[in-house]
Amino acid sequence: MSMTRVFEIVVGPLRSRKVRVALATVVAAYAAEVGLHVSEELVFTILGVGAALILGIAHEDNGRTSATFPHALPEPGEETGAFQGVEKTRNRGLDGTAPDA
């Protein structure tokens, strides 16, 4: 395996913003814990902010994907996922029959 390929494998994931934020979060938390003698609350804050940033980036990426592939979105009124059939069963009793009015 060539050195260029090894370098690409090692450095390639750093193109992702999520990987960079995760790496920075772990490095900051480790430095705070080992070298800076800061409180435990600050370490948890650093980790929490890092996790929030990663989730925000994932949410942004998901929105970009949805905008790029509009055909992947359900049509208005189309039933999908966990909510499939909710309207049909909303007013039914436990035995599946409609309650008496």
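Is Arg17 buried, partly exposed or exposed? I looked this up first: Arg17 is partly exposed, because its relative accessible area is 34%. For this reading I took buried as under 20% relative accessible area, exposed as over 50% and partly exposed as in between, with a 1.4 Å probe and protein chains only.

**Entry: the model**

I note that this is a predicted model, in which local features need pLDDT of at least 70, side-chain atom pairs count only at pLDDT 80 or more, and totals for chains, interfaces and linings use all residues. Residues are numbered from 1 along each chain as its sequence is written, and side-chain values use heavy atoms, with hydrogens and water left out.

I checked the confidence next, pLDDT being the predictor's confidence in each residue on a scale from 0 to 100. The protein has a mean pLDDT of 76, and 65% of its residues reach 70 or more. Where pLDDT is low, the predicted coordinates should not be read in detail.

**Entry: overall layout**

I found four helices and zero strands in the protein, in the order α-α-α-α along the sequence. These elements are DSSP runs numbered from the N terminus, with helices (H or I) of at least four residues and strands (E) of at least two.

The protein has 101 residues, and buried residues make up 10% of them. Its accessible surface comes to about 8,400 Å², and carbon and sulfur atoms hold 64% of that area. Such areas come from the Shrake-Rupley method with a 1.4 Å probe, and for residues only the protein chains shown count as cover.

I then looked at contacts, meaning heavy atoms within 4.5 Å. Of the contacts in the protein with a separation of 6 or more, 37% are between residues 24 or more positions apart.

**Entry: salt bridges**

How many salt bridges does the structure hold? I record four, each defined as a side-chain nitrogen of Lys or Arg within 4 Å of a carboxyl oxygen of Asp or Glu.

Arg17 and Glu60 meet through their side chains in a salt bridge of 2.7 Å, N to O. Arg17 lies in helix α2 and Glu60 in helix α3 (residues 40-68), so the pair ties together parts that are 43 residues apart in sequence. Glu60 is partly exposed, because its relative accessible area is 39%.

Arg17 also forms a salt bridge with Asp61, whose closest N and O atoms are 3.8 Å apart. This pair again links distant parts of the chain, with Arg17 in helix α2 and Asp61 in helix α3, 44 residues apart. Salt bridges that share partners join Arg17, Lys18, Glu60 and Asp61 into one network.

I also located a salt bridge between the side chains of Glu8 and Arg15, at 2.4 Å, N to O. Glu8 counts as partly exposed at 33% relative accessibility, whereas Arg15 is exposed at 60%.

Is Thr25 buried or exposed? Thr25, in helix α2 (residues 17-34), counts as buried because its relative accessibility is 12%. Not counting residues up to four places away in sequence, Thr25 touches Ile46, Leu47 and Gly50. A polar atom of the Thr25 side chain lies 2.7 Å from the backbone oxygen of Val21.

Leu23 is found in helix α2 as well and counts as partly exposed at 46% relative accessibility. I read a C-alpha to C-alpha distance of 9.2 Å between Leu23 and Gly50, which are 27 residues apart in sequence.

**Entry: surface patch**

Which residues make the nonpolar surface patch of about 410 Å²? I list Met1, Val6, Ile9 and Val10. Patches are made of residues with over 30% relative accessible area and no salt bridge; like charges are joined within 9 Å, and nonpolar side chains (Val, Leu, Ile, Met, Phe, Trp, Tyr) within 5 Å. Val10 is found in helix α1 and counts as exposed, because its relative accessibility is 57%.

**Entry: the loop at His37**

Where does His37 lie? I found His37 in the loop between α2 and α3. His37 has a positive phi of about 50° although it is not a glycine. At 69% relative accessibility, His37 is classed as exposed.

Key. A polar contact is a pair of N or O atoms within 3.5 Å; within protein, one must be able to donate a hydrogen and the other to accept it, and residues adjacent in sequence count only if both atoms are side-chain atoms.
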